[in-house]
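Here is a short report on one chain. Keep the sequence and the 3D view side by side as you read.

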Amino acid sequence: MDGNAAGEGDDNVDWNTEDELEVENYAASSCSSLTPPSVDAASGSVEASSLAGTSHSKLFCEFVGMGFSEKLVTKAIDEIGEGNPNAILESLLTYKVLENSPQEQDIDESTVVKEEVVDSDHSSSDYEGSFLNDFSDEDSYSESEEVINPSSEENKLSFLTDMGYTVEEASIAIERCGPDASVAELADFICAAQMSKEADALLGPEEKPRLFTKHKKRKHSDCDTWSKKRRGEKKLLRGDEEPIRLPNPMVGFGVPTESSAIVHRTLPEAAIGPPYFYYENVALAPKGVWDTISRFLYDVEPEFVDSKYFCATARKRGYVHNLPINNRFPLLPLPPHTIHEALPMTRKWWPSWDTRTKLNCLQTCIGSAKLTERIRKALEHHDSESEPPLRIQKYVLDECRKWNLVWVGRNKLAPLEPDEVEMLLGFPKNHTRGGGISRTDRYKSLGNSFQVDTVAYHLSVLKDLFPAGLNLLSLFSGIGGAEVALHRLGIPLKNVVSVEISEVNRNIMRSWWEQTNQKGSLIHIGDVQQLNGDRIEQLMNSFGGFDLIVGGSPCNNLAGSNRHSRDGLEGKESSLFYDYFRILDLVKCIMSKGQ
């Protein structure tokens, strides 16, 4: 989502490992009875010797509690060390796949050891936050079920119980997520449910989260009273309703490539503008998150859309908005819809057994040179054969889907370049380049952004409504995905208040504003939590109010692979959603007073 770096200060606070502290969701009794097996005193003996110590027992027990065997946990920690729990988790998942894959006598197992989450010229610590952030939505796209996942419901049930989950938990997950859900999605669902259950046990029946504890008391007390009363009424009304379910296919109220569009919807009275609002976040969030988002945003039904219907890459997102849904139109020219259309130079080297036509969700990090070199060696080991063995194919395709690797030579894969990611996400070429911005920062900023073509399709209805231009309040602006979409639609930007905490992203946005010769005014604010009622009223008085409020708050604590701090909307970063609602509610109240 655009502006996921909203929790990120100028000193990269968002990527600190303090946001990835282990979730203490596993019973202490199970830990106390476990003794780590002995390990070989080979290279890495320092890590091995620390494994049996008290400082390491907590991490060891956590992974054992997730269903991995003591032997595999010991092996993974011995190889990687205790400083990178994300890499340990990925290694354990890889070991699990290897245990359940057909054995090939001529395969060197060392060629399929899990790669650490690093760029070729950066340490793994640079990416720990981004890894949890954006592997996240499990936005994987494939014409068929991923080869590492059991296909039948019975096999998935058996696989989940082997991982340590109960039959009841596995059955409920399959029922709620659907028969097409991958094992990774089912495991995420169960983990989220366990977290929710334990959180409920800690809270009394009358306890409620404090949403605005960080803010000073505002003068607009009548607005607060009205909104609190409305929220209380809605909670009572919706208490027994079924949770929001994700549609399949994920086309929302309609996409250009599908004919079955919803042509009418009725908005709750409280949601009707002015202003128009548009909120985005990851679709595959923990249970109950989208119910809460919908409830706070005036009970508007979310629109879930996968960007694979707009471009060559998947990006499963939910959007809550009060925009009209009739007479939408796509940006022209239409973007490439397949990998080969988007990256025609790869066609020459693409093997027949790689059946991908779409890329997965573009992440904030990339696969390293070590990973691509290991894949090359594994393929060259069987270069004399017509096709590599199934075991090697499975391994390579798994890594290709995970890291969006593309073929650039014989047996040679490479991650996408930043300018290729810009193109796939609908940004102009070199949008994130210049001003001393590093390659790493470009990947981070792009991985957290909107997919411009998707957002533009939703915002296209504003062109006839605001022919002279509009005033925009852009919260968690990121690199300006909404602003770029409006500009490409031909909607003038009269006044833009851009709220974004990342200096890198602010520089990117400022550079785009200048290069496109925007005629309006751009006002930068560093932090949504500093945007109080007085400041909002001052801004609105200066140019007559806001026509559109757009934003996508951080998904750090909603991401599917974030098993350490997947705390939902009460997490450190993702709780900033409540600031989006707070600011929107204030704007609506101030505008209603002026009518």
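## A hairpin

Strand S4 (residues 406-409) pairs with strand S5 (residues 412-414) in the antiparallel sense, over 3 bridges. Two strands count as paired if DSSP finds at least two bridges between them. Helices (H or I, at least four residues) and strands (E, at least two) are DSSP runs, numbered from the N terminus.

Trp407 stands opposite Leu413 in S5. S4 and S5 form a hairpin with 2 residues between them. Asn411, in the turn, has a positive phi of about 60°.

## Source of the model

This is a predicted model: local features need pLDDT of at least 70, side-chain atom pairs count only at pLDDT 80 or more, and totals for chains, interfaces and linings use all residues. Residues are numbered from 1 along each chain as its sequence is written, and side-chain values use heavy atoms, with hydrogens and water left out.

## The open sheet

An open sheet holds 7 strands, in the order S2-S3-S1-S9-S6-S7-S8. The pairing is mixed. Strands S2 (303-306) and S8 (521-525) stand at the edges with a single partner strand each, so one side of each has no neighbour in the sheet.

S2 pairs with strand S3 (residues 316-321) in the antiparallel sense, over 4 bridges. Glu303 has Tyr319 in S3 as its bridge partner.

## The whole chain

The chain has 22 helices and 9 strands. Of its 595 residues, 56% are buried. Buried means under 20% relative accessible area, exposed over 50%, and partly exposed in between (1.4 Å probe, protein chains only).
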